Amino acid sequence: MTVPVLTTPPVDLDAVRAHRLGRIRRQMEQADMALLILTNPVSLRYAVDWREYALFQSRIPTYYLFVQVGGPLVLHGAYATAHPTIDEFRPAHYLNCFDAGLDPGPNAGSFAADVASMVGPEARVGVERANPSAIQALKSRGIAVVDAEPLMERARSIKSGEELVCMRHSIAVAEAAMGAMRAALRPGITENRLWSILHQTNVANDGDWIDGRMLSSGPRTNPWYQPASSRPIQSGELVAFDTDMIGPFGYCADISRTWLAGDGTPSRVQRDRYQRAYAEIEHNAGLLQPGRTFRELSDKAYRQDDEFVAHRYACLAHGVGMTDEYPKIYYRQDWDRHGYDGVIEADMVISVESFVGSDQGGPGVKLEQMYLVADKETVPLSTYPFERILLD
């Protein structure tokens with residue numbers, strides 16, 4: 001198989017980085033926050049375009065970034081390399097047991113002393129995903145600790161024009177990989193081997209990682225969330241997948257399709273499931289408008305028949321940027337337990353989801369489309385075609 005490699009479009013990375021840092025600092029100003037401390041690898045990429053050891057950082061936070069509204073950007077970590085957006089590198093006081101051992105107290109105290117030297121008494125400091133010892137050390141110095149995650153989610157939710165160039169390229173890479181997967185889909189290929197084509201194409205195009213292993217076939221398509229396996233795919237079966245791909249420039253391509261394996265004719269049940277999922281995507285995408293509330297979307301969303309409700313997807317839509325992000329819009333059945341309200345805004349990117357699988361068994365269908373919410377219309381960003389043989 002020849003791995004598709006796309007030409008990278010011209011991107012003004014300085015403009016991308018300025019927009020993202022500006023969004024963060026405006027949120028800090030509105031929250032009266034003296035300092036922001038970031039550890040989430042997605043936040044580090046968003047704030048300063050730092051991508052080193054992202055998956056390692058997600059579970060062993062070796063680096064942390066200090067962001068001030070008007071001051072320098074200071075990255076604390078194990079080593080320093082030249083980077084265009086970071087003003088200063090400093091050694092970290094490690095806040096994890098892998099680097100620092102089983103007693104995090106002394107390092108937490110040194111970390112808190114560094115923070116106190118930069119802010120005044122009773123300052124509000126936003127902290128992202130730090131361990132309890134670090135939080136306790138900050139509070140012991142009279143620092144008001146604020147959860148930084150809501151601020152970062154809010155900042156990331158609105159996309160600039162240059163960010164959209166990056167996102168379109170990541171989507172194009174994912175869809176090129178999907179084309180290669182479709183060409184390789186022959187009876188007998190395993191789920192894992194088919195899924196590996198997405199990984200290889202992503203890395204060949206300077207992408208980062210895949211969030212999950214969401215590809216299944218035949219009886220494993222219902223219920224959803226059964227990860228790719230060594231199972232050989234059989235002729236006449238449905239194959240469903242969700243890319244969850246963190247691609248070039250660090251942006252997510254979140255697309256789902258369901259295909260028919262082999263050259264046969266789909267069954268009546270396969271067509272029915274597919275057409276239900278397609279109708280749900282089309283209906284719910286039509287609801288995306290600036291000013292519409294999340295609750296209104298939930299109330300007006302497409303209604304599947306009762307036998308498909310128990311196996312519904314986790315949400316009907318969600319934001320997308322460098323990963324899945326705010327907002328997550330729940331089905332009405334889940335609203336009382338999980339739902340939260342808010343407003344759809346222009347320049348959000350929203351993925352609309354559908355999984356249709358009967359609680360009586362049989363095949364399942366997963367579809368997902370990405371959309372840009374614009375002032376006057378909702379624009380599809382993912383353009384890979386749907387299966388005519390399952391729609392006709």
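The largest nonpolar core of this predicted model has 65 residues, and those with the most contacts inside it are Ile-24, Leu-36, Val-67, Met-181 and Leu-194. A nonpolar core is a set of buried Ala, Val, Leu, Ile, Met, Phe, Trp, Tyr and Cys residues joined through side-chain atoms within 4.5 Å. Buried means under 20% relative accessible area, exposed over 50%, and partly exposed in between (1.4 Å probe, protein chains only). Select helix α8 (residues 161–184) next: this helix gives the most to the core, with 10 residues. Helices (H or I, at least four residues) and strands (E, at least two) are DSSP runs, numbered from the N terminus.

Because the model is predicted, local features need pLDDT of at least 70 and side-chain atom pairs count only at pLDDT 80 or more, while totals for chains, interfaces and linings use all residues. Residues are numbered from 1 along each chain as its sequence is written, and side-chain values use heavy atoms, with hydrogens and water left out.

**Stop one: around Leu-36**

Select Leu-36 and display its surroundings. Leaving out residues up to four places away in sequence, Leu-36 touches Ile-24, Met-28, Leu-65, Phe-66, Val-67, Gly-126, Ala-148, Leu-151 and Met-152; contact means heavy atoms within 4.5 Å. A second, separate core of 37 residues can be found elsewhere, and includes Trp-224, Leu-238, Phe-386 and Leu-391.

**Stop two: helices α1 and α2**

Select helix α1 (residues 13–30) together with helix α2 (residues 41–48). Their axes come within 7 Å and cross at roughly 110°. Axes are lines fitted to C-alpha atoms, for helices over the stretch in contact, and angles run from 0 to 180 degrees between N-to-C directions. The two helices, α1 and α2, are therefore roughly perpendicular to each other; angles under 35 degrees count as roughly parallel, over 145 as roughly antiparallel, 65 to 115 as roughly perpendicular and the rest as oblique. Arg-20, Leu-21, Arg-23 and Ile-24 of α1 make the contact with Arg-45, Tyr-46 and Ala-47 of α2.

Continue to Tyr-53, in the loop between α2 and α3 (54–59). Tyr-53 has a positive phi of about 50° although it is not a glycine. With 58% relative accessibility, Tyr-53 counts as exposed.

**Stop three: the six-stranded sheet**

Which order do the strands of the open sheet follow? The six strands are arranged as β4-β3-β2-β1-β5-β6, with mixed pairing. Two strands pair if DSSP finds at least two bridges between them. At the edges are β4 (88–91) and β6 (144–147), each of which pairs on one side only. Within the sheet, neighbouring strands are turned by 25° against each other on average, direction ignored.

Now select strands β2 (residues 64–67) and β3 (residues 74–77), which run antiparallel and are joined by three bridges. Leu-65 stands opposite Leu-75 in β3.

Select helix α6 (residues 132–140), whose buried residues are Ser-133, Ala-134, Ile-135, Ala-137 and Leu-138. The elements that cover these buried residues include α5, β5 (124–127) and β6. Just after α6, Gly-142 takes a positive phi of about 80°.

In the loop between β5 and α6, select Arg-129. Its phi is near 50°, a positive value in a residue other than glycine, and at 55% relative accessibility Arg-129 counts as exposed.

Is strand β16 (residues 364–373) mostly covered or mostly uncovered? It is mostly covered, as 10 of its 10 residues are buried. In a regular strand the side chains alternate between the two faces of the sheet. On one side of β16 are Gly-364, Lys-366, Glu-368, Met-370 and Leu-372, and on the other Val-365, Leu-367, Gln-369, Tyr-371 and Val-373, all buried.

Glu-353 has Glu-368 in β16 as its bridge partner. The two strands, β15 and β16, form a hairpin with six residues between them, and Gly-361 in the turn has a positive phi of about 100°.

A hairpin of four residues joins β16 to β17, and Val-373 stands opposite Thr-378 in β17.

**Last stop: two cis peptide bonds**

Select Asn-222 and Pro-223: the peptide bond between them is cis, with omega near 0°. Pro-223 lies in the loop between β8 (215–217) and β9 (238–242). A cis peptide bond also joins Tyr-326 and Pro-327, with omega about 0°; Pro-327 is in strand β14 (residues 324–329).
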